[in-house]
Amino acid sequence: FEPEKFAYTYVVSEEMTSAPLVSTEAYPGQSINITQPKLLGTARIEVRPEVGASNIYTILFTAPLASDNTLASIEIDGEVIEGFDPQVNSYIVELEEGATTAPVITYTAGAENQTIELINGGLKANSVIYVVAENGAVNTYTIQFVVKKSDSAALKNIFLDGAPLEN
């Protein structure tokens with residue numbers, strides 16, 4: 001406590017159901033009036049001397065900032081990535097042979113007040129999802145698309161003058 005500082009902030013713990021009880025140690029002759037919040041809000045302490053101007057001290061009781069920086073899900077073309085786990089940060093998604101465009105990536109936030117940014121790398125680079133929790137903690141998910149390679153040496157068909165070769 002600093003007597004010449006009049007505004008304070010106190011972060012209540014998640015377990016608290018009421019604000020801490022505010023009390024003071026006053027000098028003789030002072031009159032103290034305390035307004036106490038239930039949990040969140042501002043406590044107001046008015047100090048009146050016997051003569052002269054009053055001082056008002058405030059304590060702002062705030063909730064802790066959320067630290068959850070995980071996603072609830074990542075979807076590829078509307079389907080949740082197989083085996084998705086919010087604690088796993090890297091995924092390789094195999095696409096069908098011949099794919100020429102990357103599928104659409106969407107996501108579901110894991111908590112309120114997250115800031116989420118998707119940088120889509122398409123087929124040429126990794127796609128990255130940055131998730132920032134309310135308290136500033138950052139989590140990064142990486143998605144790599146791999147186009148399945150052909151393992152067939154057989155032709156689909158042979159044409160002679162535009163007509164399929166008959167057996």
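Q: Is Arg48 buried, partly exposed or exposed?
A: A quick heads-up before we start: this is a predicted model. The relative accessibility of Arg48 comes to 45%. Buried means under 20% and exposed means over 50%, so Arg48 counts as partly exposed.

Q: Is Glu46 buried or exposed?
A: Glu46 has a salt bridge with Arg44 and another with Arg48. Its relative accessibility is 11%. The cut-off for buried is under 20%, so Glu46 counts as buried.

Q: Which residues have the most contacts inside the largest nonpolar core?
A: This core has 14 residues. Strands E5, E7, E10 and E11 each supply at least two residues of it. Apart from it lies another core, of nine residues, with Val22, Tyr57, Ile59 and Phe61 among them. Back in the largest core, the residues with the most contacts are Ile74, Ile129, Tyr141 and Ile143.

Q: Which residues does Ile74 touch, not counting those up to four places away in sequence?
A: Ile74 is one of the residues with the most contacts inside the largest nonpolar core. As a general point, nonpolar side chains tend to be buried together in soluble globular proteins. The residues touched by Ile74 are Glu79, Val80, Ile81, Phe84, Tyr91, Ile105, Thr106, Tyr107, Ile129, Tyr141 and Ile143.

Q: What is the length of the polar contact that joins the side chains of Ser73 and Glu75?
A: Ser73 is found in strand E5. With a relative accessible area of 9%, Ser73 is buried. Leaving aside neighbours within four places in sequence, Ser73 is in contact with Val80, Phe84, Tyr107 and Thr108. As for the polar contact between the side chains of Ser73 and Glu75, its length is 2.3 Å.

Q: Is Ser127 buried or exposed?
A: You'll find Ser127 in strand E10, which covers residues 127–132. Not counting residues up to four places away in sequence, Ser127 touches a list of residues including Ile105, Ile119, Tyr141 and Phe145. Its relative accessibility is 0%, so Ser127 counts as buried.

Q: How far from a polar atom of the side chain of Ser127 does the backbone nitrogen of Gly121 lie?
A: Asn120 and Gly121 are both among the residues that Ser127 touches. The side chains of Ser127 and Asn120 are joined by a polar contact of 3.2 Å. For the backbone nitrogen of Gly121 and the Ser127 side chain, the distance is 2.9 Å.

Q: What is the distance in space between Asn89 and Val128, C-alpha to C-alpha?
A: Asn89 sits in the loop between E6 and E7, and it is partly exposed, with a relative accessible area of 27%. In sequence, Asn89 and Val128 are 39 residues apart. In space, the C-alpha to C-alpha distance is 9.8 Å.

Q: With the side chain of which residue does the side chain of Asn89 make a polar contact?
A: Set aside the neighbours within four places in sequence, and Asn89 is in contact with Asn139, Thr140, Tyr141 and Thr142. The polar contact between side chains has a length of 2.6 Å. The partner is Asn139.

Q: What is the phi of Asp77?
A: Most residues other than glycine have a negative phi. Asp77 is not a glycine, yet its phi is positive. It lies in the loop between strands E5 and E6, and at 51% relative accessibility it counts as exposed. The phi of Asp77 is about 50°.

Q: Is Asp161 buried or exposed?
A: Asp161 is found in the loop between strand E12 and strand E13. Asp161 has a positive phi of about 50°, although it is not a glycine. Its relative accessible area is 86%, so Asp161 is exposed.

Q: What accessible area do Leu155, Ile158, Leu160 and Leu165 have together?
A: Leu160 has its place in strand E12. Leu155, Ile158, Leu160 and Leu165 form a nonpolar patch on the surface. Their accessible area together is about 400 Å².

Key
Residues are numbered from 1 along each chain as its sequence is written. This is a predicted model: local features need pLDDT of at least 70, side-chain atom pairs count only at pLDDT 80 or more; totals for chains, interfaces and linings use all residues. Side-chain values use heavy atoms; hydrogens and water are left out. Helices (H or I, at least four residues) and strands (E, at least two) are DSSP runs, numbered from the N terminus. Buried means under 20% relative accessible area, exposed over 50%, partly exposed in between (1.4 Å probe, protein chains only). A polar contact is a pair of N or O atoms within 3.5 Å; within protein, one must be able to donate a hydrogen and the other to accept it, and residues adjacent in sequence count only if both atoms are side-chain atoms. Contact means heavy atoms within 4.5 Å. Patches are made of residues with over 30% relative accessible area and no salt bridge: like charges are joined within 9 Å, nonpolar side chains (Val, Leu, Ile, Met, Phe, Trp, Tyr) within 5 Å. Accessible areas come from the Shrake-Rupley method with a 1.4 Å probe; for residues, only the protein chains shown count as cover. A salt bridge is a side-chain nitrogen of Lys or Arg within 4 Å of a carboxyl oxygen of Asp or Glu. A nonpolar core is a set of buried Ala, Val, Leu, Ile, Met, Phe, Trp, Tyr and Cys residues joined through side-chain atoms within 4.5 Å.
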